[in-house]
Amino acid sequence: MVLVAHWYQDASPALAHSRCLLGSVRYQNLYDAVTSATTQATVIAAVLYAAPCLVGIILGAPLVAAEIERRTNRLVWTQSISRSRWLIIKWALVAVAVVALVSVFQLVTQWWTGQVVMRGLENSQIPTSGTNRIERSMFGITGVVPVAYSLFALMLGTALGAVLRRTAWAVLATVAGYAAAAWVMLTWVRQHLAATVFVPYPTSQNAQVLSSPRPVGWPVGFGYQVIPGKEHLLGGSSPGAVVSRCQTSGSDLYQCATAHGLQFGQVYQPGSHYWALQWSEAGIYVAAAIALLGVTIWAVRRWRA
Amino acid sequence: MTAVLETRGLGRRYGAKWGLRDCSLTVSEGSITGLVGPNGAGKSTLLRLAAGLSRPSEGTVSVFGQPIDPNGTEHLGRIGYLDQHRPIYGSFRVRDMLTLGRKLNTEWDDALAPQLLAEVGIPLNVRVHTLSIGQQAQVSLAVCLAKRPDLLLLDEPAGSLDPLARQQLFQALLGTVAERGTTVFLSSHIVSELEPVCDNLIILAASAVRLSESTEDIVATHKLIIGGPGIISTPGVEVISTKTSGRQTHLLVRGVLPNLGPDCEVLQPDLQEVVLGYLTQAGQQSAVSDGSSTDSAQIGVLP
Amino acid sequence: MRFRLDRHSGLPAYRQLVDQVRHALRLGVLCPGDQLPTVREVVKQIAINPNTVHRAYRELEQQGLTEGRPGSGTFVKRSLSTVPEEQPMLQRRLEEWIDAARQAGLGDEAIEALVAEALHTSEEEEP
């Protein structure tokens, strides 16, 4: 059975997720889960999401840039050790501090998100399994990814500082770069880090959607697939072509699509995929951080008075 | 005499402008060489090239016989560089600066820096930003000297310091240098400061080397001629600069002078006057190359 | 023994140091067996080139006034001051001469000028 699915992203949450420092718009599920103290939870979550970015700005941007601005690089780069060694040592000291700080911070966050999940479960109609952390609103502040984010933000700040050579510009560029990376990750990458699951909408006899199932996990979007056993109804066209024909035909979309052997449903990442996604995403960010370390070393070695 | 620093045709360009051009000089081991010239002449550029902080646009620079590799570390262990801005970490304590020096260097004399600072009364446990600039300069110099370099590159080490601080800085520097015979290459735009200190002097003006000789020879070979409007030109005598006012002409010349007769007065210029003469020459030459009117005082003809 | 550098005298620095040592020897500030300040100490007193001090000390050695002991420093070998016993006699003769000059009608200024002239003449004759 061939599973063909197209994602139709819900644009507004994606845009909201991409902004590193604004947190109030995105937390649809969080809002559902926590009917009391919503604002408080939103603000706290926003701060927690912003924390890695702030680490990058505060510690990373001036790491090389401030040395160049204050000309202290002319002091340290004329001592006996090489520039790359100097950079690695300085960066490593800061990185260790960052990882330690964020890890401790994470213990607190983990407890807090656990509280939110439990209270949400009490208040909402979401079927429980205790793994709501995979949702967009909570994924980025739980588990191991915050440490990876902070290392990435630190390295991004350092690299941009080394290339731009001015702390102020590095700050702006780091915010923009971090936001862009987060947006790309959330919009396109994360859902592909593990195989998604498709749950068809239950339909009535005449192909009316009865309800929208809300399985436990992260709802990626809605999609469609071919009903097993009804491939012949497609008439040789691709599912995408059939859907666009149905959309433009003017008739009811669902009836038209069902007539051609397609069914609509929820595409989601189940809660059980949480750790797979966590480690994969963390791995990507750490790999990016290492690449940025290489960029920084190149920029530092290249600097000339 | 081995050459500790040697440049051949060295040049550095910043965009369209040359900060230093066609610079060829030698600094020999154990000497104290002064680099003098006005601001913007290229002194800092030359010192940064020697320290490996800049890459040459043309020509070569070698330290201890090896061309400098800006990303290599062999030469770094043997030089001590002090930038004219004397960068320092203000939030560090004095002893943290010394620790920084110890950590970043393979060779480090642990006892020297505290001794130097004690001699000028600088405590080790205060923060650097609370010190006066003269004291901060002493700290920067101490870090430089404790590295026990074979070549010191100092860019205006006493710049903006009051007279007492200047003297203390030079005393600390020369006292340490006297013990080890370290080669020193330092720049200043104050000739009187360099005169008692330097064996050799290099005059740099308008991004070019104008003169490179021992201080003794400079004074011995140059003469100041004061005379009337026409002065006999003589082969073998080089006119460095000319200043005319009314009917009197001052010529700075170099070479062996014949008897010029009673109309001319021959005086011994001091080092400051010689340097000023060369700087004037440089100024006149760039005025000519800029296309402005030629200075009317040329070598005179027979009256 | 403290040195001083006169930057406007026109004399080379090493010459000034030699002269100052000779002056000290004459006045009895330095006696045979005394150690001259080390090069490092001189350089710290007046910020001059160490080579200048080396040169001055070499000159003094050549003049036979000092000797360098390796590892210890430079020591005074010979004094330039007059033998102490002669001093009272010289002083008496000087006082007699001054009395004679006063009786001849010379004022203090004229006496000082004569003395300076005589010193100048004798210095020119000194090897």
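Guide: The part to look at is chain B, which the domain assignment divides into domain 1, residues 3-205, and domain 2, residues 219-289. Keep in mind that this is a predicted model. Taken over C-alpha atoms, the centres of domain 1 of chain B and domain 2 of chain B are separated by 34 Å. Where the two domains of chain B touch, seven residues of domain 1 are in contact with six residues of domain 2. On the domain 1 side of chain B, the elements that give two or more residues to this contact are α6 (191-194) and β9 (200-205) of chain B. By type, the residues on that side of domain 1 of chain B are five nonpolar, one polar and one charged.

Chain B also touches chain A. How many residues does each chain give to that contact? Chain A gives 16 residues and chain B gives 18 residues. On the chain A side, the largest share comes from helix α4 (residues 73-76) of chain A, with three residues. The residues on this side of chain A are five nonpolar, five polar and six charged.

Now follow chain A itself. Chain A holds 11 helices and three strands. Along the sequence of chain A, the order is α-α-α-α-α-α-α-α-β-β-α-α-β-α. Of the 305 residues in chain A, 42% are buried.

The strands of chain A can be looked at as one unit. The three strands form an open sheet in the order β1-β3-β2 (chain A), with antiparallel pairing. Which strands lie at the edges of this sheet? The edge strands are β1 (197-200) and β2 (217-226) of chain A, and each of them pairs on one side only. On average, neighbouring strands of the sheet are turned by 35° against each other, direction ignored.

Strand β2(A) and strand β3 (residues 262-270) of chain A pair in the antiparallel sense, and nine bridges join them. As an example of residues facing each other across strands, Q225(A) stands opposite Q263(A), a residue in β3(A).

Technical notes
Residues are numbered from 1 along each chain as its sequence is written. Chains are lettered from A and ligands numbered from 1 in the order in which they are written. This is a predicted model: local features need pLDDT of at least 70, side-chain atom pairs count only at pLDDT 80 or more; totals for chains, interfaces and linings use all residues. Helices (H or I, at least four residues) and strands (E, at least two) are DSSP runs, numbered from the N terminus. A residue is buried if 20 or more other C-beta atoms lie within 10 Å of its own, exposed if 12 or fewer, and partly exposed in between; C-beta atoms are placed from the backbone. Domain bounds come from an automatic or database domain assignment. Ala, Val, Leu, Ile, Met, Phe, Trp, Tyr, Cys and Pro count as nonpolar, Asp, Glu, Lys and Arg as charged, and the others, Gly among them, as polar. Two strands pair if DSSP finds at least two bridges between them. Axes are lines fitted to C-alpha atoms, for helices over the stretch in contact, and angles run from 0 to 180 degrees between N-to-C directions.
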